[in-house]
Protein chains: 2
Amino acid sequence: MALTLGNENVFIRRLARAPIYTVSIKKVAKIAGVSISTVSRCLNSPERVRDTTLAAVQAAIAQTGYAPNALARNFRRGKTGLIMVVLQSVGLPFWEGVMRGINGVAQEEGYSILIRETASSPPELDDYCKMVISKEADGVIILASPSPFSTPSAYATSDRRIPIVLGCENVTDELAHIPSVRVDNRRAAFEATQYLLQLGHERIGFIAGSRSSLLTRDRERGYLDAMQASALGQNRAWVTNGDQSIEGARRATRKLLSLAEPPTAIFCANDEMAMACIYELKRNNLSVPQDVSVVGFDDTRYAAIMDPPLTTVVQPTEEIGERTMRRLLSAIEGRDIGQAPEFVEHRLIVRESTAPRQTAPGSTQDVGSTQDVDGSRQQIA
Amino acid sequence: MALTLGNENVFIRRLARAPIYTVSIKKVAKIAGVSISTVSRCLNSPERVRDTTLAAVQAAIAQTGYAPNALARNFRRGKTGLIMVVLQSVGLPFWEGVMRGINGVAQEEGYSILIRETASSPPELDDYCKMVISKEADGVIILASPSPFSTPSAYATSDRRIPIVLGCENVTDELAHIPSVRVDNRRAAFEATQYLLQLGHERIGFIAGSRSSLLTRDRERGYLDAMQASALGQNRAWVTNGDQSIEGARRATRKLLSLAEPPTAIFCANDEMAMACIYELKRNNLSVPQDVSVVGFDDTRYAAIMDPPLTTVVQPTEEIGERTMRRLLSAIEGRDIGQAPEFVEHRLIVRESTAPRQTAPGSTQDVGSTQDVDGSRQQIA
DNA sequence: CCTCCGGATGAAAACGTTTTCATAAAACGC
DNA sequence: GCGTTTTATGAAAACGTTTTCATCCGGAGG
């Protein structure tokens with residue numbers, strides 16, 4: 001044979017590779033002495049097969065090390081078993097809980113998670129719709145925080161029901177009919193601003209997120225609502241664009257500080273920008289919260305160990321993930337999940353980055369005690 | 001017909017759903033007046049088809065909105081087009097760059113990324129191997145930082161060559177033969193410790209990561225190497241277990257502070273633990289770096305805006321991701337990629353969390369100027 | 001004009017499952 | 001024991017591609 005002519009290595013490598021990949025249901029059937037239908041049944045509905053044959057088949061499977069070819073199975077079933085999750089970037093702490101929720105349900109229901117990062121490629125909603133149509137995934141969850149889906153998306157707006165759910169996010173107005181699971185960002189921001197007003201602050205700045213994201217725009221609206229409802233009214237100069245980034249938030253903070261009457265409190269549209277804001281305040285020799293109070297949004301894993309620990313709005317991230325996934329699965333199964341957003345509860349968690357406004361603007365050193373005014377230390381320890 | 005007996009809604013819903021999912025290559029072929037082989041060729045090797053037919057087929061595709069069924073294609077080709085990436089949890093800032101690198105190459109080469117979080121399920125290397133065998137993915141990248149693959153893994157140790165590459169990570173000794181792409185953690189930790197020694201510190205604590213991860217154990221070894229090489233020698237009491245978590249690092253810091261002679265510098269096995277360490281130091285009314293210097297590892301996105309900005313070891317994360325992915329693709333294509341780790345360069349970036357040791361232990365207030373001693377402000381601004 | 005060659009195309013097999021349908025065997029009621 | 005139902009199994013179709021192989025056609029070379 002030709003093999004004896006070649007060197008031994010080739011022969012050995014051939015042997016080592018081939019058998020693993022060639023073991024199919026056919027070989028198992030032959031060894032067990034049954035038909036392939038029976039083997040298939042043993043795997044998918046073992047209660048419909050006799051005990052003795054089941055044992056024989058299982059023995060054959062063990063002997064051969066057979067593992068069903070998922071490619072063939074999914075092809076036959078017409079399902080990918082994949083959920084595409086679109087997010088801006090793996091590595092943003094906020095999404096940790098949401099992903100845990102999604103993953104938990106996915107695992108339970110036999111789905112795997114496909115990740116697409118919008119940071120690396122411009123996000124077009126239509127692309128994701130096409131991936132469902134071309135059977136690359138069974139459904140889509142969109143978490144991408146800055147999500148400027150530019151085109152109005154032929155698919156999403158048509159009545160071809162592509163299973164899509166937004167987690168936390170709210171895209172543009174035209175796409176508002178896509179179902180979502182999230183907190184009421186506007187009301188949450190309203191309440192956080194109210195809290196600052198209650199502390200006596202009158203000049204309250206706002207660092208907004210991405211212009212293209214309804215999510216942060218809702219938070220901006222909530223802030224404006226609260227200001228409008230107060231005796232102070234809105235002041236456009238106090239609203240700055242933090243661009244959903246560390247650098248942007250630092251610029252925004254500098255801009256607020258350069259005002260003739262700089263704010264004594266700043267509400268940031270997310271924790272990361274709050275972090276950057278505090279950093280910039282300190283660099284300008286201002287103390288938090290003695291000189292300026294800061295409130296964030298999200299309660300990421302670092303909020304509690306910042307200096308000072310951050311007062312922020314908590315979202316039940318894991319619950320959001322779970323409910324988003326369940327809602328998507330409903331859609332995949334063909335049920336009508338409607339268009340209305342599903343709201344989950346938010347909560348303001350008061351830590352040490354906020355304090356009552358200083359009546360005497362100069363005396364910043366003797367108010368360290370206000371840090372404990374809300375007794376929030378217990379929440380951290 | 002039965003349809004006229006039912007209500008209209010059923011009828012309409014049927015119509016709205018059916019046409020999208022039933023358009024296959026057959027329909028396109030019929031409309032274009034060619035065979036399905038030709039349609040397939042138009043998609044996969046258009047240069048092998050005549051211009052006129054190509055145009056006809058493309059018209060038919062446009063008309064029907066046909067999208068090739070990826071399930072069928074992958075099945076036929078025997079490739080999933082998926083890379084499974086195993087990480088502890090989405091949301092850990094360090095992995096952001098690595099994932100960007102992986103994603104970039106994946107997109108270039110036509111692969112998608114499947115995520116598996118070990119936080120939600122106990123990680124067993126064998127499970128991932130099986131998923132390759134059962135064609136759920138073409139290869140595996142392991143990033144999971146705490147990766148206690150308990151069983152010695154029948155597959156990975158056998159000569160069945162499952163394409164697996166470790167990014168950054170190094171698993172247990174038995175699995176050391178799995179190829180990896182990473183920095184030389186031991187040497188990096190050695191150098192970071194040396195830097196603290198050069199600053200005059202003599203009592204240098206170390207907060208270790210997860211016991212089960214070679215990655216952080218290597219960093220521990222590097223620290224011990226440096227101490228051993230110095231005149232001071234090793235002191236086991238200065239090595240504490242931070243457990244790769246915020247809570248663990250806080251406990252570890254408290255433990256170090258409770259020593260009769262507490263350290264004047266602490267080297268943490270990653271940035272997150274450094275963050276927690278600094279938080280705990282401040283809570284104990286110690287200043288960083290005046291009372292205690294702190295060094296981290298990873299240079300995550302928050303390292304530069306912490307208070308104080310963190311001195312830490314930078315890894316070229318994106319490069320690691322890219323090279324990990326490329327190496328995996330080589331393995332998938334059947335090439336022999338060997339076992340030796342591929343090393344990338346690290347770098348110590350000095351910010352403001354480190355300062356020369358205080359000669360007079362009491363005077364902590366007048367050394368603020370040391371913050372600027374290394375001129376690192378430029379790196380942040 | 002015949003032959004040969006190369007390019008374009010079509011027919012059909014193949015990929016590994018699941019699932020339908022038919023059949024054989026067993027169990028059951030009378 | 002006979003007809004009827006239930007249960008267990010096998011044969012074969014089907015899923016939508018890609019790919020091999022054969023065929024057809026037109027043109028070049030003799």
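Two residues are in contact here if their C-beta atoms, placed from the backbone, lie within 7 Å. Keep that in mind for the first part of this talk. What you see above is a predicted model.

Let me start with the two chains. The contact between them takes 47 residues from chain B and 47 residues from chain A. On the side of chain B that touches chain A, the elements that give two or more residues are α2 (8–22), α6 (70–77), α7 (95–109), β2 (112–117), α8 (125–133) and α13 of chain B. Which of these gives the most? It is α7(B), with 7 residues. Sorted by class, that side of chain B has 24 nonpolar, 12 polar and 11 charged residues.

The strands β2 deserve a look as well. Strand β2 of chain A, residues 112–117, is joined to β2(B) by 3 bridges, and the two strands run antiparallel. Within this pairing, L114(A) stands opposite L114(B).

Now to chain A and its open sheet. The sheet has 6 strands, in the order β7-β6-β8-β9-β10-β12, with mixed pairing. At the edges are β7 (239–241) and β12 (347–349) of chain A, each of which pairs on one side only. From one strand to the next, the twist averages 20 degrees.

Take one pair from inside that order. Strand β8(A), residues 265–268, and strand β9(A), residues 293–298, run parallel and are joined by 3 bridges. F267(A) stands opposite V295(A) in β9(A).

Which helices go with these strands? Helix α10(A), residues 185–198, packs on the sheet and touches β6 (204–208), β8, β9, β10 (311–314) and β12 of chain A. The direction of α10(A) makes about 165 degrees with that of β8(A). Helix α13(A), residues 271–283, lies across β6, β8, β9 and β10 of chain A, at about 155 degrees to β9(A).

Next, a pair of helices in chain B. Two packed helices are described by the angle between their axes and the distance between the axes. Helix α12(B), residues 246–257, and helix α13(B), residues 271–283, pack at about 45 degrees, with their axes 8 Å apart. That angle makes α12(B) oblique to α13(B). Their crossing is right-handed. The residues of α12(B) in this contact are I246(B), A249(B), R250(B), T253(B) and R254(B), while α13(B) brings several, including M273(B), A276(B) and Y279(B). By class, the contact has 7 nonpolar, 1 polar and 4 charged residues.

Last, some backbone details. Most residues other than glycine have a negative phi, and most peptide bonds are trans. Here are some exceptions.

Where are the cis peptide bonds? One joins D307(A) and P308(A), with omega about -5 degrees, and P308(A) sits in the loop between β9 and β10 of chain A. Another joins V288(B) and P289(B), with omega about 10 degrees. P289(B) is in the loop between α13 and β9 of chain B.

As for phi, K135(A) has a positive value near 60 degrees and is not a glycine. This residue is in the loop between α8 and β3 (139–142) of chain A. Is K135(A) buried or exposed? The cut-off for buried is 20 or more other C-beta atoms within 10 Å. K135(A) has 22, so it is buried.

Q244(A), also not a glycine, has a positive phi of about 60 degrees. Q244(A) lies in the loop between β7 and α12 of chain A. With 24 other C-beta atoms within 10 Å, Q244(A) is buried.

Conventions
Residues are numbered from 1 along each chain as its sequence is written. Chains are lettered from A and ligands numbered from 1 in the order in which they are written. This is a predicted model: local features need pLDDT of at least 70, side-chain atom pairs count only at pLDDT 80 or more; totals for chains, interfaces and linings use all residues. Two strands pair if DSSP finds at least two bridges between them. Helices (H or I, at least four residues) and strands (E, at least two) are DSSP runs, numbered from the N terminus. Axes are lines fitted to C-alpha atoms, for helices over the stretch in contact, and angles run from 0 to 180 degrees between N-to-C directions. Angles under 35 degrees count as roughly parallel, over 145 as roughly antiparallel, 65 to 115 as roughly perpendicular and the rest as oblique. A crossing is left-handed if the near helix is turned anticlockwise from the far one by less than a right angle, and right-handed if clockwise. Ala, Val, Leu, Ile, Met, Phe, Trp, Tyr, Cys and Pro count as nonpolar, Asp, Glu, Lys and Arg as charged, and the others, Gly among them, as polar. A residue is buried if 20 or more other C-beta atoms lie within 10 Å of its own, exposed if 12 or fewer, and partly exposed in between; C-beta atoms are placed from the backbone.
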